[in-house]
Amino acid sequence: MTTILVLNGPNLGRLGSREPEVYGSANLEDLRSAITQQLTDAATDATLELRQTDDESELVRWLHGAVDSGSPVVLNPAAFTHYSYALRDAAALVTGAGLPLIEVHITNPHARESFRHTSVISGVASGVIAGFGFDSYRLAVDQILRSQA
């Protein structure tokens, strides 16, 4: 049985109340429900583990754990996207182990402030999906399910 890790970085625990005009009104529990339903509809034995942290070192440890457990990753690094080389190196361990790691963003960073245009994660990710709200996550999970088939 495959466990798909859906890992979320800083401030994403505030989804639903943080800038709803930018990020929408749904929260992480809504995201969990949507992806769980997606897995049920796909009739797969894959399970979901959705986590969020504001702590960079915790996110790095979770990526190390993904390597150790052989788990594919959907990663929304949030603000860490733009500067965390520690997170980039941990993400490279995931893809270096032959596991998919898909970087996702709820919004399109390239349509926002210029400091958001650079991702240090994208270069080591299996793919990047951005700008589709929570559908960015669902598209990433769909791709992981396809790659596991």
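**Reading a predicted model, feature by feature**

Me: In which helix is the place of Asp-89?
Reply: Asp-89 sits in helix H4, which covers residues 85-96. Keep in mind that this is a predicted model.

Me: Is Asp-89 buried, partly exposed or exposed?
Reply: Relative accessibility decides this: under 20% is buried, over 50% is exposed, and partly exposed lies in between. Asp-89 has 44%, so it counts as partly exposed.

Me: At which residues does UniProt place the feature "binding site"?
Reply: An annotation comes from a record, and it may be inferred rather than shown by experiment. Here an unreviewed UniProt entry puts "binding site" at Asn-76, His-82, Asp-89, Ile-106, Thr-107 and Arg-116. These positions spread over 41 residues of sequence, and in space their C-alpha atoms are up to 23.8 Å apart.

Me: Where is Arg-116, and is it buried or exposed?
Reply: Arg-116 belongs to the loop that runs between strand S4 (101-105) and strand S5 (127-130). Its relative accessibility is 18%, so Arg-116 counts as buried.

Me: Which residues does Thr-95 touch, not counting those up to four places away in sequence?
Reply: For a contact, look for heavy atoms within 4.5 Å. By that test Thr-95 touches Leu-101, Val-124, Ala-125 and Ser-126. Thr-95 itself is found in helix H4, and with a relative accessible area of 23% it is partly exposed.

Me: How many residues apart in sequence are Thr-95 and Ala-140, and how far apart are they in space?
Reply: The two separations are given in different units. Thr-95 and Ala-140 are 45 residues apart along the chain, and their C-alpha atoms are 15 Å apart.

Me: How many salt bridges does a search of the whole structure find?
Reply: The test asks for a side-chain nitrogen of Lys or Arg within 4 Å of a carboxyl oxygen of Asp or Glu. The search finds five salt bridges. One of them joins Arg-51 and Glu-49, at 2.1 Å from N to O. Arg-51 is partly exposed at 21%, and Glu-49 is partly exposed at 31%.

Me: What separates Asp-135 and Arg-138 in helix H5?
Reply: Asp-135 and Arg-138 are three residues apart in helix H5 (residues 135-148), so about one helical turn separates them. Their side chains meet in a salt bridge, with 2.4 Å from N to O. Asp-135 is partly exposed at 37%, as is Arg-138 at 28%.

Me: In which helix do Arg-32 and Glu-29 both lie?
Reply: Both lie in helix H2 (residues 28-41), three residues or about one turn apart. The side chains of Arg-32 and Glu-29 form a salt bridge, 3.2 Å from N to O. Arg-32 is partly exposed at 29% relative accessibility, and Glu-29 is partly exposed at 46%.

Methods
Residues are numbered from 1 along each chain as its sequence is written. This is a predicted model: local features need pLDDT of at least 70, side-chain atom pairs count only at pLDDT 80 or more; totals for chains, interfaces and linings use all residues. Side-chain values use heavy atoms; hydrogens and water are left out. Helices (H or I, at least four residues) and strands (E, at least two) are DSSP runs, numbered from the N terminus. Buried means under 20% relative accessible area, exposed over 50%, partly exposed in between (1.4 Å probe, protein chains only).
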